[in-house]
Amino acid sequence: MGDQVKQRYSFSVLRERLSQHGRPIVDFALGEFDRTLPAALSETIRENSSLMMKRHSPADLAEFSAAAVDYLARQYGVEVSPSEILPVPGGRSAMTALASCVLEPGNGVVVTEPGYPVFARLATHHHARILVARLDPERLFAPRLDKISQEDADSVRLIALNYPNNPTGAVISEEVAAALQGRFEPATVLFNDAIYGPLTHEGRAHSILGKDLSGIQDYRPLELHSLSKLFPLGPLGIAFLAGSAPLIEELRHYTDFAWSPPSSLQMRATMGCFESTDHIAEIRQYFQDRLERLRGTLVDVGFEPYPTPGGMYLLCKAPVAIGGVTTPTAQAAADVLLEEFDLAVVPWDGPPHGYLRFSSLYSAEDLRSLGELGDRLALSGR
């Protein structure tokens, strides 16, 4: 475990590398969200700024939980009770609490690859056994759970999913549910990081808390929700967990020790986001338009993007050669793009596949610069 816990967060390393590049960068790795809060929400925050110093009351908590219940019903068509809602400071805080409450040394934890790397690192700190399930691009990026031995499956305490997925853009599907059905013990916690849930671009968003996906109903469900990708609230924004009432209560007791309670203003600001249905629809369309423009440009210069039913990124197959230089891995491809073309992307290597992630948070100038690379890239596919 020693080497794993010493590894730095990959995106922190990437930010440092880009800051030291020395030339202007065509940034499709990180980007910047350029939209503002709805005027009414900004005004509410200004008028109630003194509440930032006030701990939320039981009445605030009840109102927040009821608003979260209504949000889940409206966005996902699922029914939960207020007792199944727990506000949390953010996604990483929620994952830290979950790992602390659920995991014991030697427990098996299934994580998907490619995927958001935080939970695997947290589980490693708790001396859990990390079992990697590769996402299969031939099956809508459903996890290959059949590659996990029965002995390992019997040790699994928690399954950590991330749908809509970062970086693939895949959404939870019948293929995912079929892969999970009967594979692990019913007491296993099924956790889904649904941060990108509001950015579902094809059909209605699915939740593991719903009844529409067979195969996952026997597990103990827990789902993370946030509107941080749509509303630039900064430290005012909070997230929430929803799921099994006994598990939520266990987490609630832990969080009394883990962090200071949210302020009344944080509660109100986030409730304002829940209720801003027009803004949610507007930002979803904003990302859909940007993804389509990016897709067209990527195809024009020779990349091979996958479909993107959800999220804010486009995933492409990593080319085997760029500008005449052989690139045996996604990391090698990203290195050549940055050093030779000043183009920043995020690589993911998961043999036998290699991927490059392009963010839709690009500037107009970045998109033009990408298109102008044209034949200079001389990409060779896998």
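**Note on the predicted model**

1. Phe141 sits in the loop that runs between β4 (129-136) and β5 (142-143). The model is a predicted one. Although Phe141 is not a glycine, its phi is positive, near 55°. Phe141 is also buried, at a relative accessible area of 5%.

2. Ala378 is another non-glycine residue with a positive phi, here about 45°. Ala378 belongs to the segment after α13 (364-373). Its relative accessibility is 43%, and Ala378 therefore counts as partly exposed, since that class lies between the 20% limit for buried and the 50% limit for exposed.

3. Within α6, the buried residues are Val118, Phe119, Leu122, Ala123 and Thr124. In an α-helix there are 3.6 residues a turn, so residues three or four places apart point the same way.

4. Two cis peptide bonds can be checked by eye. One joins Glu113 and Pro114, with omega about 5°; Pro114 is in the loop between β3 (108-113) and α6 (118-125). Another runs from Asn166 to Pro167, with omega near 25°. Pro167 is placed in the loop between β6 (156-161) and α8 (174-180).

5. The model has 18 aromatic pairs. One of them is Phe240 with Phe274, an edge-to-face pair with 5.6 Å centre to centre and 90° between the planes. The label edge-to-face applies because the angle is over 60 degrees. Phe240 is in strand β9 (residues 239-243) and Phe274 in helix α10 (residues 264-275), so this pair ties together parts 34 residues apart in sequence. Phe240 and Phe274 are both buried. Ring pairs also link these two with Phe64, Tyr71 and Tyr76 into a cluster.

6. Two arginines are placed over aromatic faces. Arg290 lies over the face of Tyr362, at 4.2 Å from the ring centre. Arg183 lies over the face of Phe184, at 5.9 Å from the ring centre. The cut-off for this kind of contact is 6 Å.

7. Arg183 and Phe184 come up again in the surroundings of Ala153. Apart from neighbours within four places in sequence, Ala153 is in contact with Ile148, Arg183 and Phe184. Ala153 is part of helix α7 (residues 150-154) and counts as buried, at 1% relative accessibility. Ala153 and His21 are 132 residues apart in sequence, and their C-alpha atoms are 44 Å apart in space.

8. How do helices α5 and α9 pack, and at what angle? Helix α5 (residues 91-102) meets helix α9 (residues 245-258) at about 105°, and the axes are 10 Å apart. That angle makes α5 roughly perpendicular to α9, because angles from 65 to 115 degrees fall in that class. On the α5 side the contact is made by Ala97, Leu98, Ser100, Cys101 and Val102. On the α9 side it is made by Leu247, Glu250, Leu251, Tyr254 and Thr255. Divided by type, the residues of this contact are seven nonpolar, two polar and one charged.

Conventions. Residues are numbered from 1 along each chain as its sequence is written. This is a predicted model: local features need pLDDT of at least 70, side-chain atom pairs count only at pLDDT 80 or more; totals for chains, interfaces and linings use all residues. Side-chain values use heavy atoms; hydrogens and water are left out. Rings of Phe, Tyr and Trp (its six-membered ring) pair if their centres lie within 6.5 Å; planes under 30 degrees apart count as stacked, over 60 as edge-to-face and the rest as tilted. Helices (H or I, at least four residues) and strands (E, at least two) are DSSP runs, numbered from the N terminus. Buried means under 20% relative accessible area, exposed over 50%, partly exposed in between (1.4 Å probe, protein chains only). A charge sits over a ring if NZ of Lys or CZ of Arg is within 6 Å of the ring centre and within 35 degrees of the ring normal. Axes are lines fitted to C-alpha atoms, for helices over the stretch in contact, and angles run from 0 to 180 degrees between N-to-C directions. Angles under 35 degrees count as roughly parallel, over 145 as roughly antiparallel, 65 to 115 as roughly perpendicular and the rest as oblique. Contact means heavy atoms within 4.5 Å. Ala, Val, Leu, Ile, Met, Phe, Trp, Tyr, Cys and Pro count as nonpolar, Asp, Glu, Lys and Arg as charged, and the others, Gly among them, as polar.
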